[in-house]
Amino acid sequence: ITDPAPLSSQVSITAASEFVCEGGNNIVLQGGPVGGSFSGTFVTGTLFNSTEATAGVHTASYGVTIQGCEIIKEVNITVNPLPVVTFGAINPLCSDGNAVPLTTGLPVGGTYTSPAVVDGVINPLVAGIGSHNVIYSYTENGCEATAEQQIVVEQCLNVDNVWSESIAIFPNPASEKLTIDIAEGENMQFSLIGMDGKTVVY
């Protein structure tokens, strides 16, 4: 049966929002006149299940029978993907060191958030000794994703890292890992002494 235009104009479907992020809140669908039913991928009852929907454009339909004619109207709902966000590790900072701009969050252009961070910069002197949780957030097409890092501020001894053509020792001081790079062909003997004055390695 051909759909008479006057009947078709009586049917409608709307979505509370036609754009949503992956994993976002479910979207309420409304259709009229009453008595019809909703259908479509990721549609359950009167809801579009944004929490389950994959990125892309999905169609929700509302069908109702009027005077023996089934009229179907559709609405498209776009599910935007979450951006892929990373936050590279930051080496431990000295408590009396200079303020450090944070630059390891990707994609660039996001925001660093922490009580220890102001305008994307961490000041060890202000942050204080300890571990500080920093969140990097980035928004794309209205969708936000985050990544986190722990930035450690340590008590330092004001001893510089050792760099020369023959040997490089860093970081100084070290807590868990100390790197010693010796140039090829060099023959050296060294000892590692802890903060308590005891020889750790000889």
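A search of the whole structure finds one disulfide (a pair of cysteine sulfur atoms within 2.5 Å), and this bond joins cysteine 21 to cysteine 143 with an S to S distance of 2.1 Å. The pair ties together distant parts of the chain, 122 residues apart, with cysteine 21 in strand E2 (residues 19-21) and cysteine 143 in strand E17 (residues 143-154). Please keep in mind that this is a predicted model, in which local features need pLDDT of at least 70 and side-chain atom pairs count only at pLDDT 80 or more, while totals for chains, interfaces and linings use all residues. Residues are numbered from 1 along each chain as its sequence is written, and side-chain values use heavy atoms, with hydrogens and water left out. Strands (E, at least two residues) and helices (H or I, at least four) are DSSP runs numbered from the N terminus.

**The disulfide and the cysteines**

- The link of cysteine 21 and cysteine 143 is left-handed, with -100 degrees about the S-S bond.
- Cysteine 143 counts as buried (under 20% relative accessible area, where exposed means over 50% and partly exposed lies in between, with a 1.4 Å probe and protein chains only), because its relative accessibility is 0%.
- Cysteine 69 is buried as well, with a relative accessible area of 9%.

- Strands pair here if DSSP finds at least two bridges between them.
- E7 and E8 pair in the antiparallel sense over eleven bridges, and histidine 58 has isoleucine 77 in E8 as its bridge partner.
- The two strands form a hairpin with two residues between them, and glutamine 67 in the turn has a positive phi of about 50 degrees.
- E8 also pairs with E2, this time in the parallel sense and over three bridges; in that pairing, phenylalanine 19 stands opposite threonine 78 in E8.

- E16 and E17 run antiparallel and are joined by eleven bridges.
- Their hairpin has two residues between the strands, and asparagine 141 takes a positive phi near 55 degrees there.
- Strand E10 (residues 93-94) pairs with E17 in the parallel sense over two bridges, and leucine 93 stands opposite valine 153 in E17.

**A three-strand open sheet**

- The strand order is E11-E15-E14, with antiparallel pairing.
- Strand E11 (100-101) and strand E14 (117-118) are the edge strands, each pairing on one side only.
- E14 and strand E15 (residues 121-122) are joined by two bridges in the antiparallel sense, with valine 121 in E15 as the bridge partner of valine 118.

**Nonpolar cores**

- A nonpolar core is a set of buried Ala, Val, Leu, Ile, Met, Phe, Trp, Tyr and Cys residues joined through side-chain atoms within 4.5 Å.
- The largest one has 20 residues, of which Leu29, Phe48 and Ile77 touch the most other members.
- Strand E1 (12-15), strand E3 (27-32), strand E7 (56-66) and strand E8 (69-80) each supply at least two residues of this core, and E8 gives the largest share, five residues.
- Apart from this core lies another, of 17 residues, among them Ala116, Val134, Ala145 and Ala147.
- Isoleucine 77 has contacts (heavy atoms within 4.5 Å) that include Ala15, Val20, Ile27, Leu29, Phe48 and Val57, not counting residues up to four places away in sequence.

- Histidine 132 lies in strand E16 (residues 130-140) and stands opposite isoleucine 151 in E17.
- At 13% relative accessibility, histidine 132 counts as buried.
- Its neighbors by contact are Ala116, Ala127, Gln149, Gln150, Ile151 and Val153, again leaving out residues up to four places away in sequence.
- The side chain of histidine 132 reaches the backbone oxygen of alanine 127 at 3.5 Å.
- Glutamine 149 sits in strand E17, and the side chain of glutamine 149 reaches the backbone oxygen of phenylalanine 87 at 2.7 Å.
- Glutamine 149 touches Phe87, Gly88, Ala89, His132, Asn133 and Val134, with residues up to four places away in sequence not counted.
- The C-alpha atoms of glutamine 149 and serine 131 are separated by 9.7 Å, and these residues are 18 apart along the chain.

How values were computed: Polar contact = N/O pair within 3.5 Å; in protein donor to acceptor, adjacent residues only side chain to side chain.
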